[in-house]
Amino acid sequence: MELAEQSLLDTLSYLECALGILTFVLLKLVGSPYGRYASQHSAWRLTAPTAWALQELPSLAVPLFLCAGTPAERLRWWPNRILLAMFLVHYVQRSLIFPFLIRGGKPTPLYSCVIAFVFCTYNGYLQGRYLSQYAEYADDWVTDPRFLTGFALWLVGMLINIHSDHILRNLRQPGETGYKIPRGGLFEYVSAANYFGEVVEWCGYGLASWSVQGGAFALFTFCVLLPRAQEHHQWYLQKFEDYPKFRKILIPFLF
């Protein structure tokens with residue numbers, strides 16, 4: 001039974017890689033289905049805070065439910081505890097804090113929220129089950145350069161992501177409308193600093209976990225956020241004549 005589930009988790013990881021590549025192609029063809037790019041003709045829409053809270057919550061709830069429902073054998077070891085905590089901390093912020101900081105925000109089509117909800121359920125099971133039941137690490141893994149480097153990248157990426165979201169929330173003063181050019185932080189170097197932070201965060205997690213499961217999530221994140229970053233960059237260039245031409249799309253100084 002354990003071998004069958006472990007094989008299933010590996011298969012789901014490879015499927016997540018394939019889904020990431022497929023999503024990249026679809027986003028390049030049809031664009032992002034939310035925010036300023038969402039169709040205003042969608043009959044069923046949710047407010048931005050509601051959509052964010054609902055769609056991200058499974059990534060927090062599913063691992064916790066799995067750990068509560070069955071003995072989490074591997075969580076007796078510190079590497080597994082820390083890695084699962086890294087995953088959960090992000091989604092505490094994303095589902096329980098970030099949505100309630102949103103000021104306004106465009107309504108989200110229901111279908112977009114449902115797709116994100118399904119993915120977060122899928123990935124929450126994949127990461128939570130693997131780390132709590134099957135991931136095996138040496139006792140000294142927490143001192144391994146791969147873990148230490150990955151943890152540092154995860155922490156830096158999360159802080160960049162949170163700080164960049166703070167900048168975006170405060171672009172407009174109370175009562176103001178319209179769009180503005182983001183200034184400050186890594187927005188001085190890239191158009192999608194918040195996405196850059198999230199990519200760095202999950203690449204760090206993938207490195208620290210040194211697993212197909214963690215790597216699949218990092219790849220999926222990159223595949224989803226790269227076309228969105230490109231779309232943002234093109235929109236800024238078309239919207240603002242004075243948009244800084246030296247800004248890159250996603251990776252400072254490179255791309």
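Modeller: Happy to; here is a close look at helix 6 and its surroundings. This is a predicted model, where local features need pLDDT of at least 70, side-chain atom pairs count only at pLDDT 80 or more, and totals for chains, interfaces and linings use all residues. Residues are numbered from 1 along each chain as its sequence is written, and side-chain values use heavy atoms, with hydrogens and water left out.

Helices here (H or I, at least four residues) are DSSP runs, numbered from the N terminus. Helix 6 spans residues 193-209 and packs against helix 7 at an angle of about 165 degrees, their axes 8 Å apart; axes are lines fitted to C-alpha atoms over the stretch in contact, and angles run from 0 to 180 degrees between N-to-C directions. Helix 6 is therefore roughly antiparallel to helix 7, a term for angles over 145 degrees. Their crossing is left-handed, meaning that the near helix is turned anticlockwise from the far one by less than a right angle.

Helix 3 contributes Leu83, Met86, Phe87, His90, Tyr91 and Arg94, while helix 6 contributes Glu198, Glu201, Trp202, Tyr205, Ala208 and Ser209. That contact divides into 7 nonpolar, 2 polar and 3 charged residues.

Between helix 6 and helix 7 comes a loop that holds Trp210. Phi of Trp210 is near 50 degrees, a positive value in a residue other than glycine. Most residues other than glycine have a negative phi.

Gln213 then lies in helix 7 (residues 212-239). Gln213 is buried, with a relative accessible area of 1%; buried means under 20% (1.4 Å probe, protein chains only). Its side chain makes a polar contact of 3.3 Å with that of Ser13, that is, a pair of N or O atoms within 3.5 Å, one able to donate a hydrogen and the other to accept it; residues adjacent in sequence count only if both atoms are side-chain atoms. Beyond its neighbours within four places in sequence, Gln213 is in contact with Leu9, Asp10, Ser13, Leu126, Gln127 and Tyr130.

Technical notes:
Helix = DSSP H or I, 4+ residues; strand = E, 2+ residues; numbered from the N terminus. Buried < 20%, exposed > 50% of the residue type's maximum accessible area, 1.4 Å probe, protein only. Contact = heavy atoms within 4.5 Å. Parallel < 35°, antiparallel > 145°, perpendicular 65-115°, else oblique. Nonpolar A, V, L, I, M, F, W, Y, C, P; charged D, E, K, R; others polar.
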